[in-house]
Amino acid sequence: ETCEDPCEHCLTKTTCTTCSSPPYLKLTTCVNDCDIGFYLNSDNQCSECSTSCFKCQGEKTSCTECEGLMYLHASECVSTCPSLHFEDKAENKCSPCSQECENCFESAQKCTSCRNGKVLQGNV
C-alpha cells in the first residue's frame with residue numbers, strides 16, 4: 001500500500017511512521033511545526049513536553065512556558081518560586097527580587113525579608 005504524501009513510511013495510507021523531513025512526525029501525522037505541548041527531538045519527530053510545560057524546547061523537561069498557575073524557573077515549571085525570586089504573574093515566571101530583598105512578592109522591590117542582616121521597614 002502506498003502512503004499519502006508527506007508520509008514516507010506508514011502502517012495504513014494515512015497512519016505515518018516516518019515523514020519526508022520536514023514535515024515532522026507528530027504521533028502518526030506529518031506536520032510542518034511541532035505545536036504547543038510538543039518539541040522537535042533529535043530524531044526530527046515531535047515529542048510531548050512534560051505535563052507542567054506549556055511549551056518546551058530540545059527535551060521534554062526543558063520548559064520555555066508553563067501551564068496555568070505554574071511559574072518558569074531555570075527551564076522548569078514550579079508552583080512556588082525559590083528564595084530571591086517572586087511569582088511574576090504577568091510573565092508567568094519567577095523573576096529576581098531586588099538586591100536588598102531575600103524574599104519578595106508581587107514585585108522586585110516589595111521585600112518580605114532582607115539580605116545582609118538588614119531589617120525590614122515597611123515594604124522596603
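A disulfide here is a pair of cysteine sulfur atoms within 2.5 Å. With that cut-off, the model, which is predicted, holds 10 disulfides.

**Stop 1: C97 and C104**

Select C97 and C104. Their sulfur atoms lie 2.0 Å apart, and the two residues form a disulfide. The torsion about this S-S bond is about -90°, so the disulfide is left-handed. Are C97 and C104 buried or exposed? Both C97 and C104 are buried.

C114 takes part in no disulfide. The nearest cysteine sulfur belongs to C111 and is 5.1 Å away from that of C114, whereas a disulfide needs sulfur atoms within 2.5 Å. C114 counts as buried because its relative accessibility is 18%, and the cut-off for buried is under 20%.

**Stop 2**

Select residues 101–104 and 111–114, which are strand 13 and strand 14. The two strands pair in the antiparallel sense, over 3 bridges.

**Stop 3: the largest nonpolar core**

Select Y39, C49, C53, C56, C63, C66, L72 and C77. These 8 residues make up the largest nonpolar core. Strand 7, residues 53–56, supplies at least two of the core residues, and so does strand 8, residues 63–66. As background, nonpolar side chains tend to be buried together in soluble globular proteins.

Within this selection, pick C49 and C56, two members of the core. C49 and C56 form a disulfide with sulfur atoms 2.0 Å apart. The torsion about the S-S bond of C49 and C56 is about -90°, so this disulfide is left-handed. C49 is buried, with a relative accessible area of 8%. C56, also at 8% relative accessibility, counts as buried.

Then move to C66, another residue of the core. Which residues are in contact with C66 once its neighbours within four places in sequence are left aside? They are S52, F54, Y71, L72, E76, C77 and N92. L72 and C77 are themselves in the core.

**Stop 4: E65**

Select E65, which sits in strand 8. E65 has a relative accessibility of 34% and so counts as partly exposed; the partly exposed range runs between the 20% limit for buried and the 50% limit for exposed. Not counting residues up to four places away in sequence, E65 touches C53, F54, K55, L72 and C77. Among these, C53, L72 and C77 belong to the largest nonpolar core. For a distance across the chain, pick the C-alpha atoms of E65 and I36: they are separated by 9.6 Å, and the two residues are 29 residues apart along the chain.

**Stop 5: C7 and C16**

Finish with C7 and C16, which a disulfide joins. The S to S distance in the model is 1.5 Å. The torsion about the S-S bond of C7 and C16 is about -40°, so the disulfide is left-handed. How much relative accessible area does C7 have? The value is 10%, and C7 is buried. C16 is buried too, with a relative accessible area of 5%.

Key:
Residues are numbered from 1 along each chain as its sequence is written. This is a predicted model: local features need pLDDT of at least 70, side-chain atom pairs count only at pLDDT 80 or more; totals for chains, interfaces and linings use all residues. Side-chain values use heavy atoms; hydrogens and water are left out. A nonpolar core is a set of buried Ala, Val, Leu, Ile, Met, Phe, Trp, Tyr and Cys residues joined through side-chain atoms within 4.5 Å. Buried means under 20% relative accessible area, exposed over 50%, partly exposed in between (1.4 Å probe, protein chains only). Helices (H or I, at least four residues) and strands (E, at least two) are DSSP runs, numbered from the N terminus. Contact means heavy atoms within 4.5 Å. Two strands pair if DSSP finds at least two bridges between them.
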